[in-house]
Amino acid sequence: MQRSAPLYETRIKDDLRNGRNVMVDIQDVAVPTGIPIVYEFDSNLNPIENVDEKNSDLNMTGAFRGIVAKKVKGLFLEKPGLLREALQREQEWKENVPGYEPAQSLASSSFTTISNLERSLIQLEEERNFNNNGSPAPTLSEQLVNATAPSLVNGYGGRRVNPCVAKLPNTIDIPTLKTPVRQDSVIVIIRHGKTSHNKLGLFTGWEDAPLADEGRDEARAAGRLLKQHGFEFDVVYTSWLSRAIETAWLVLDELDSLWLPIIKSWRLNERMYGKLTGLSKRMVSQKHGEAQFMKWRRGFFDRPPPVTSFSSKYPGNDERYVRNLKDRRYSARESFMRSLDSGRLQLHRKLPKTESLSDCMERTLPYLTDTIIPESINQGKRVLISSSENAIRGILMHLCEIPVDRISELEIPNGLPLIYDVNSRCIKLLDDGTGRDLMKVYNFGPATDLLFRPCITEDGDIDEECDLTYMWPTIAFPDSSSFAKDDPAPAAAETTPVSAPVGLSYLDNL
């Protein structure tokens with residue numbers, strides 16, 4: 001209470017005064033898990049007493065009985081009878097299941113919400129799941145990949161690409177020997193796991209599609225792989241899209257690092273696909289032709305048709321951007337239209353109605369060069385970036401110096417950690433111990449040769465071993481300022497790293 005009560009007084013009350021709705025997630029408290037209790041406040045921020053009469057007669061045990069007896073001023077937010085059934089089910093399990101833990105009894109199972117369009121497409125795909133001869137037909141996503149993937153003849157386009165694949169540490173086979181932790185600065189980039197939109201071949205863009213079960217498995221597998229290779233992180237950057245945020249959570253969960261600071265920025269969002277958002281890629285290709293489809297999908301300067309100001313796909317109608325996005329100028333046109341429509345003055349910021357890859361990079365790269373590099377990489381921190389394909393494509397174009405006319409040829413696999421080694425200035429992959437050829441498992445597109453350029457060691461030689469230069473952890477006293485997350489961060493010019501990793505002079509010029 002000594003540390004939680006001040007948080008309520010100094011932070012939560014301030015949000016309530018500003019008219020915001022606040023959600024507080026508290027663990028290990030004797031209330032039914034997964035069933036929110038909603039409190040309302042008067043103008044003086046005193047809780048309004050709402051006795052939950054419909055549940056006052058419940059035969060609760062232990063702490064649950066105490067909650068009702070004390071007339072909690074909040075209301076259980078649940079479907080009629082849900083709380084009653086949940087508590088009765090818990091009591092039955094507690095009496096009949098040996099070793100049952102009440103704290104886990106009411107945990108809701110994870111589920112994925114899908115739209116009507118996705119549901120219809122899933123049904124259609126199931127109907128086409130078998131060819132006339134009874135063999136399984138390729139999925140929509142597989143057909144799309146096969147239609148655009150290059151023919152592999154000893155590698156990509158006839159060229160054999162041999163990326164750096166860091167071998168698993170020898171300690172992996174010795175359970176009693178701990179894997180050495182990587183201490184020097186590094187950037188690990190991961191595209192979110194698959195969503196239902198990805199699997200069905202839909203344009204996603206800024207639509208907040210959740211991870212599919214397969215995508216969650218991909219994210220957890222990535223976390224386990226990073227842990228096997230001794231990776232730990234100091235900070236995580238992600239977008240405002242749920243699929244990227246959840247991917248970061250799942251990776252950190254496998255690393256036992258859910259406590260790490262996660263910095264979210266809309267600038268790491270996927271490219272905004274305008275009117276194509278939510279549409280089937282195959283349908284767009286058939287309707288507008290393959291040439292136009294490829295321009296909209298992969299053209300560096302080509303923008304898809306824009307959405308209107310009052311479209312549900314326009315981020316200006318999404319509360320998360322309207323209320324929280326502050327680093328864009330106001331739009332005179334949008335402000336005038338919305339003020340006229342509502343009959344009162346409304347200031348509306350300029351948000352994208354469509355984007356080309358170039359537009360996407362104009363917001364992503366400054367965030368990399370002005371925020372991530374000076375505030376984290378140049379401070380010697382180990383960085384995880386969880387984002388979407390086109391945002392990552394722009395970052396890699398910059399880090400790997402991929403030319404504009406080749407960037408559209410680059411594919412970013414879902415859920416695969418890409419290691420940008422600051423020292424050797426190249427992208428590396430991680431050995432998963434299966435002995436598989438990663439170039440056959442994952443499709444990186446025809447620009448693979450530019451993504452996996454030879455890694456150069458500190459001596460200027462080619463790094464044939466693809467070593468990740470593990471350093472055994474040493475006891476050190478961290479800079480106390482790194483824990484003051486609520487205080488304004490000092491300007492990059494005011495901070496001096498204790499030791500600058502080799503290669504940072506290169507990043508300073510990015």
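Begin by selecting K194, K199, E214 and E218, which are joined in a network of salt bridges. The model on display is a predicted one. Side chains of opposite charge can pair when their charged atoms come close. Across the structure, the count of salt bridges comes to 28.

**The whole chain**

Next, display the entire protein chain, which has 19 helices and 9 strands. Of its 510 residues, 43% count as buried. The accessible surface comes to about 28500 Å², and 52% of that surface belongs to carbon and sulfur atoms. Among contacts with a separation of 6 or more, 75% are accounted for by residues 24 or more positions apart.

**R216 and its two partners**

Now select R216 together with D213. These residues form a salt bridge, with the closest N and O atoms 3.1 Å apart. Both lie in helix 8 (residues 213–228), 3 residues apart, which is about one turn of the helix. D213 counts as exposed, because its value of 53% is over the 50% limit.

The side chains of R216 and E246 meet in a salt bridge of 2.7 Å, N to O. R216 lies in helix 8 and E246 in helix 9 (residues 242–254), so the pair ties together parts that are 30 residues apart in sequence. Both R216 and E246 are buried.

**Helices 10 and 11**

Move on to helix 10 (residues 281–288) and helix 11 (residues 290–298). Their axes come within 6 Å and cross at roughly 130 degrees. The two helices are therefore oblique to each other. To see the contact, select K281, V284, S285 and H288 of helix 10, with E290, Q292, F293, W296 and R297 of helix 11.

Where does L347 sit? L347 is in the loop between helix 13 (332–342) and helix 14 (357–375). L347 is exposed, because its relative accessible area of 58% is over 50%.

**A last pair**

Finish at R406 and E409, which form a salt bridge with the closest N and O atoms 2.6 Å apart. E409 has a relative accessible area of 25% and is partly exposed.

Technical notes
Residues are numbered from 1 along each chain as its sequence is written. This is a predicted model: local features need pLDDT of at least 70, side-chain atom pairs count only at pLDDT 80 or more; totals for chains, interfaces and linings use all residues. Side-chain values use heavy atoms; hydrogens and water are left out. Helices (H or I, at least four residues) and strands (E, at least two) are DSSP runs, numbered from the N terminus. Buried means under 20% relative accessible area, exposed over 50%, partly exposed in between (1.4 Å probe, protein chains only). Contact means heavy atoms within 4.5 Å. Accessible areas come from the Shrake-Rupley method with a 1.4 Å probe; for residues, only the protein chains shown count as cover. Axes are lines fitted to C-alpha atoms, for helices over the stretch in contact, and angles run from 0 to 180 degrees between N-to-C directions. Angles under 35 degrees count as roughly parallel, over 145 as roughly antiparallel, 65 to 115 as roughly perpendicular and the rest as oblique. A salt bridge is a side-chain nitrogen of Lys or Arg within 4 Å of a carboxyl oxygen of Asp or Glu.
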